[in-house]
Amino acid sequence: MLSVKDAEAIILNLVQPLDEQQDTEIVDLWAASDRILATPVTSSLDFPHWDNSAMDGYAVRYEDVQHSSSAQPAVLEIVEEIPAGYQPQFTIQPGQAARIFTGAVMPAEADTVIMQEKTRQEENRVFILNAPKPQEFVRHKAAFYQAGTQLLPAGIKLTAQNIAVLAAAQCPQLCVYRRPRVAIFSTGDELVTAEQPLQPGQIVDSNQYALATLVKESGAEPLLLGIVKDDPVVLQEIIAHAIANADIVLSSGGVSVGDYDYVDKILESLKAKIHIRSVAMKPGKPLTVANFPTYNSVLYFGLPGNPASALVTFWRFVQPTIKKLSGLAQGGELEFLLVRSHDELRSNGKFETYTWGCLHLIDGLYEFYQASGSHSSGNLINLAQTNALAVLPVGKVLISSGEQVLVCKI
Ligand SMILES: Nc1nc2c(c(=O)[nH]1)N[C@H]1C(S)=C(S)[C@@H](COP(=O)(O)OP(=O)(O)OC[C@H]3O[C@@H](n4cnc5c(N)ncnc54)[C@H](O)[C@@H]3O)O[C@H]1N2
Ligand code: MOO
Ligand SMILES: [Mg+2]
């Protein structure tokens with residue numbers, strides 16, 4: 001059976017990222033949070049825009065003050081006051097200074113700022129009580145960024161710090177990738193929505209609610225197609241509709257070997273190429289992954305119906321797929337941390353085994369606490385309030401309490 005690593009490589013290799021020309025839209029900077037930049041940004045502004053003061057104090061000529069001390073202060077004539085936002089009017093001549101404030105433009109011929117705590121002012125004269133370093137407390141034009149060079153590359157997520165830079169560079173509108181569309185539906189005669197009364201034998205379609213949330217959290221737009229009966233004709237219609245209207249399709253259920261598990265057969269009838277039929281992992285073994293090479297670039301994930309299996313396969317394979325497809329250049333892969341396990345963890349050793357729980361910070365170090373209760377893939381109750389998955393590799397039957405384990409945040 002295919003290993004998790006090989007399955008991941010096959011899937012990521014099938015992903016065709018959104019096109020930097022066609023799959024973009026213009027958004028206002030205020031609405032750009034967490035979107036992916038599609039075009040590199042260059043600014044015509046230098047940062048800082050001009051030489052300016054880093055302190056409240058006095059702008060001086062270094063040569064006038066280089067030997068100053070409290071015993072023998074240089075005494076300079078104050079010719080101008082320059083608050084932030086004003087353009088200086090005077091050129092500083094030998095023996096002169098300007099009163100200046102943080103962020104204000106340096107006057108011509110001044111090259112150094114003395115912070116006011118190192119001075120004494122008497123009317124229009126300032127006494128410099130310390131020798132500064134040359135050019136001290138001057139932020140020089142273009143020291144942080146030179147106009148015309150690349151400010152931000154394409155493929156990055158617009159975080160608060162990136163948005164601050166774009167605002168400062170006066171980019172009120174941005175070209176970002178459109179959000180990937182992810183069609184989601186659940187299969188099963190036993191399923192009802194959270195609002196419908198439960199009849200004997202029925203259960204709530206919790207997968208669709210969870211998957212919709214995960215899709216949104218991954219930066220994509222869910223297209224909810226509802227609950228589909230285990231009826232091959234209806235299922236074929238829904239799958240055909242989904243693959244025509246989305247970048248990724250997620251179904252849950254119907255991928256195992258039962259008499260009512262139709263997904264793989266219908267995919268074949270729709271000329272899909274099935275790349276994965278099962279993966280050596282637990283939960284999640286019957287995962288199906290397909291595409292439609294003669295039709296379009298949509299990727300189909302037939303997630304197993306058991307609630308834990310659907311979520312674990314989403315976290316492990318679908319989330320990195322959405323991120324790669326969305327235009328994100330880096331950082332879409334799951335990140336594993338090596339941490340101490342608080343609890344003993346067990347596996348049958350045959351499959352790569354995922355178990356859920358919480359990462360807690362103990363004295364600055366993460367520690368994994370396994371959720372109490374059943375880790376059967378049919379139990380979703382103890383998934384609530386977890387924030388991490390721990391992984392036992394194939395062949396590892398026991399991780400003792402206190403031993404290191406690989407964990408990813410969820
Ligand atoms: N003979 C075998 N039986 C099974 C095998 C196997 O290898 N041989 N694999 C087991 C494993 S592992 C899994 S996982 C499941 C996967 O089953 P399906 O993907 O075919 O899913 P269903 O049979 O439709 O449902 C399984 C289970 O999950 C519940 N379910 C389904 N959809 C939802 C939903 N949207 N929300 C909540 N719960 C859902 C469903 O009621 C069933 O209880 O197959 C094993 N069997
Ligand atoms: O893989 Mo199933 O997902 O073990 O229950
Ligand atoms: Mg089944």
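Tutor: Gladly; we will take the helix pairs, then the sheets, the ligands and a few backbone details.
Tutor: This is a predicted model, where local features need pLDDT of at least 70 and side-chain atom pairs count only at pLDDT 80 or more, while totals for chains, interfaces and linings use all residues. Residues are numbered from 1 along each chain as its sequence is written, and chains are lettered from A and ligands numbered from 1 in the order in which they are written.

Student: What makes α1 roughly parallel to α7?
Tutor: The axes of α1 (residues 4–14) and α7 (residues 307–325) come within 10 Å and cross at roughly 25°. Axes are lines fitted to C-alpha atoms, for helices over the stretch in contact, and angles run from 0 to 180 degrees between N-to-C directions. Angles under 35 degrees count as roughly parallel, over 145 as roughly antiparallel, 65 to 115 as roughly perpendicular and the rest as oblique. The angle of roughly 25° therefore makes α1 roughly parallel to α7.

Student: Which residues of α1 and α7 meet?
Tutor: From α1 come V4, A7, E8, I11 and L12, and from α7 come R316, F317, P320, T321 and K324. Contact requires C-beta atoms, placed from the backbone, to lie within 7 Å. By class, this contact of α1 with α7 has six nonpolar, one polar and three charged residues. Here Ala, Val, Leu, Ile, Met, Phe, Trp, Tyr, Cys and Pro count as nonpolar, Asp, Glu, Lys and Arg as charged, and the others, Gly among them, as polar.

Student: What makes α4 roughly parallel to α7?
Tutor: The two pack at an angle of about 20°, with their axes 10 Å apart. That angle makes α4 roughly parallel to α7. Their crossing is right-handed. On the α4 side the contact is made by S206, N207, A210, L211 and L214, and on the α7 side by P307, A310, L311, F314 and Q319. Seven of the residues in this contact are nonpolar, three are polar and none is charged.

Student: How do you know that β16 and β18 are edge strands?
Tutor: They belong to an open sheet of six strands, in the order β16-β13-β17-β21-β20-β18, with mixed pairing. β16 (221–228) and β18 (273–276) each pair on one side only. Pairing requires DSSP to find at least two bridges between two strands. Strands (E, at least two residues) and helices (H or I, at least four) are DSSP runs, numbered from the N terminus.

Student: How many bridges join β20 to β21?
Tutor: Five bridges join β20 (residues 288–292) to β21 (residues 296–303), and the strands run antiparallel. Within this pair, A290 stands opposite Y300 in β21. Helix α1 packs on this sheet, touching β18, β20 and β21, and its direction makes about 140° with that of β18.

Student: Why does one side of β7 and of β8 lack a neighbour?
Tutor: The other open sheet to look at has six strands in the order β7-β4-β6-β5-β9-β8, with mixed pairing. β7 (112–115) and β8 (119–122) stand at its edges with a single partner strand each, so one side of each has no neighbour in the sheet. Neighbouring strands here are turned by 35° against each other on average, direction ignored.

Student: Which residues lie closest to ligand 1?
Tutor: The closest are N207, G253, S256, P304 and G305, among 27 that surround ligand 1; a residue is near if its C-beta atom, placed from the backbone, lies within 6 Å. The largest share of this shell, three residues, comes from α4. By class, the shell around ligand 1 has eight nonpolar, 15 polar and four charged residues.

Student: Which residues does a cis peptide bond join, with omega about -5°?
Tutor: That bond joins K282 and P283, and P283 is found in the loop between β19 (281–282) and β20. Another cis peptide bond, with omega about -15°, joins F47 and P48.

Note on methods:
Two residues are in contact if their C-beta atoms, placed from the backbone, lie within 7 Å. A crossing is left-handed if the near helix is turned anticlockwise from the far one by less than a right angle, and right-handed if clockwise.
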